[in-house]
Amino acid sequence: MQEKLLQTTQTGSSAVRYEDIEAARETLKSVITETSMDHSRALGRITGSTVHLKCENLQRAGSFKVRGAYVHMASLTAEQKAKGVVAASAGNHAQGVALAASQLGIDARIYMPLGAALPKVQATRDHGATVVLAGNNVNEALELAARYAEETGATFVHPYDNPYIVAGQGTLGLEILEQQPDVDTIVMSIGGGGLLAGVAIAVKEHARRQGRHINVIGVQAEKAAAYPPSLVAGKPVTLDNVATIADGIAVGRPGDVPFAVIQELCDEVVTVTDDEIAAAIVFLLERSKMVVEPAGAAPVAALMTGKLKEAGIESESIVAVLSGGNIDPMLMLKVIQVGLASAGRFLTVKIALRDRPGELQTISRIIAENDANVTRVDHSRVGAGLTMGGVHITIDMETRGRDHSEQILAALREAGYEAMVQH
């Protein structure tokens, strides 16, 4: 696909300038919502800083992705628009492209991997795009989309490795600077890097003009973290395997365009585990009343676990970007349970005991005396490690936190039961 790259920045590292981001914002004026900035006192107490949440989970189509998609597609010629666009995504980019295409009157074909969340598939179709379920993962779907573009002349709208995409995502940085002028650290998740690169260009140039420094921090899921090794190598590195609940940032290789920016302008990239992300989702539900997908909760997970302080980043005013809210309800059910367990508020124990009357009653009494709420009990008389006349009992219970969980475990063990915590 032939496409005109934008001018270079003053630093010479990128195909996108600050002025391109300003122009992109003009393009988006009547298209996107200027999402709210929510003050989080709870995160402030955890971090010791003033923390605001940039609620891009409330953006049209549920994420920031429509920004870049629309800017790219609005730049097409009439002839290119007539041939349509094609994209590949597990969800957010698909919806962003579909919405932008409907606004611009362009036919859109979206390849989504087999197993993509049904709500995301339906939402993409509802915006008028043709959805093709194919490929076992996003990379395979991307290959199919690129092949379709070559065969038909449709424009391939890449999710992150494109200067127009980067410029469009960078408009989020301009909004943050206007809504929270005193910000000194912005934290956001990274997949391919389009959002972080665009925001970094906008923020760093703004800070340079003001003669001050603003930290730009990226967050990746621990088992989908291609940026740390890539930054060490000085070039994009491909991961052998990617496995995370955060499908929005499950990208195995940084994009060439955003990597050049991030390598020069980004202050730090940190990682968080899936359990930490799950705990952040539950935290946002309870404390901010926000429905946020795993990728969008990653920055909050980094703040909750002190990853910025570990990296030596000190801040007085932090903005964490909630990049998306498109979470599958079935995944939400699992995430809530994992998040509660990670926070020490959901405890599952497995106990081996003799299969005789009164044992379960005794265990139930100990749990009740320690003020826990049992939600499920499972009996198993067959299994590894069981002798004749033995039984395994697995008990799920709600607790008030880690200290309370330890109190229950200690009481069970003091009564002679070998309570093994299950994860």
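# Notebook: one chain, looked up element by element

**Entry 1, a residue in H16.** I began with Ile363, which I found placed in helix H16, residues 359-369. The model is a predicted one, and I kept that in mind for every value below. Ile363 has a relative accessible area of 0%, and it is therefore buried, the cut-off being under 20%. Leaving aside residues up to four places away in sequence, I listed what Ile363 touches: Ile351, Leu353, Ile395, Leu412 and Tyr417. I also looked up how Ile363 stands to Gly168, and the two are 195 residues apart in sequence, with their C-alpha atoms 58 Å apart in space.

I next turned to the overall dimensions, and I noted that the C-alpha atoms fill a box of roughly 80 × 50 × 40 Å when taken along the principal axes. For 423 residues a compact globule would have a radius of gyration near 22 Å, and the chain has 24 Å, which agrees. I recorded 17 helices and 14 strands in the chain. Of the 423 residues, 55% are buried, and the accessible surface comes to about 18400 Å², with 48% of that surface belonging to carbon and sulfur atoms. Among the contacts with a separation of 6 or more, 72% are between residues 24 or more positions apart.

I checked the length of H8 (residues 163-179) against the rule of 1.5 Å a residue: its 17 residues should span 24 Å, and the end C-alpha atoms are 25 Å apart, which agrees. Is H8 enclosed by the rest of the structure, or is it exposed? I found that 15 of its 17 residues are buried, so H8 is largely enclosed by the rest of the structure. At the N-terminal end of H8 I found a cap, Asn162, which has a side-chain oxygen 2.8 Å from the backbone nitrogen of Tyr164.

**Entry 4, a sheet of parallel strands.** I then followed an open sheet of 4 strands, whose order is E5-E4-E3-E6 and whose pairing is parallel. Its edge strands, each pairing on one side only, are E5 (130-133) and E6 (155-156). Within this sheet I looked at E3 (residues 85-88) and E4 (residues 108-112), which run parallel and are joined by 4 bridges.

For H12 I repeated the length check: at 1.5 Å a residue its 15 residues should span 21 Å, and its end C-alpha atoms are 20 Å apart, which agrees. I wrote down the buried residues of H12, which are Ile277, Ala278, Ala279, Ala280, Ile281, Val282, Phe283, Leu284 and Ser288.

Ala61 lies in the loop between strand E2 (50-55) and helix H3 (65-74). Its relative accessible area is 19%, and Ala61 therefore counts as buried, since the cut-off is under 20%.

Last, I went to Ser230, which has its place in helix H10, residues 227-233. Buried or exposed, I asked of Ser230? At 0% relative accessibility, Ser230 counts as buried. With residues up to four places away in sequence not counted, Ser230 touches Lys235, Pro236, Val237, Pro254 and Phe259.

Key
Residues numbered from 1 in each chain as written. Predicted model: local features only at pLDDT ≥ 70, side-chain atom pairs only at ≥ 80, totals over all residues. Heavy atoms only, no water. Helix = DSSP H or I, 4+ residues; strand = E, 2+ residues; numbered from the N terminus. Expected span 1.5 Å × (residues − 1). Buried < 20%, exposed > 50% of the residue type's maximum accessible area, 1.4 Å probe, protein only. Polar contact = N/O pair within 3.5 Å; in protein donor to acceptor, adjacent residues only side chain to side chain. Pairing = 2+ DSSP bridges. Rg over C-alpha atoms; globule rule 2.2 N^0.38 Å. Contact = heavy atoms within 4.5 Å. Areas by Shrake-Rupley, 256 points an atom, 1.4 Å probe, with all protein chains shown as cover.
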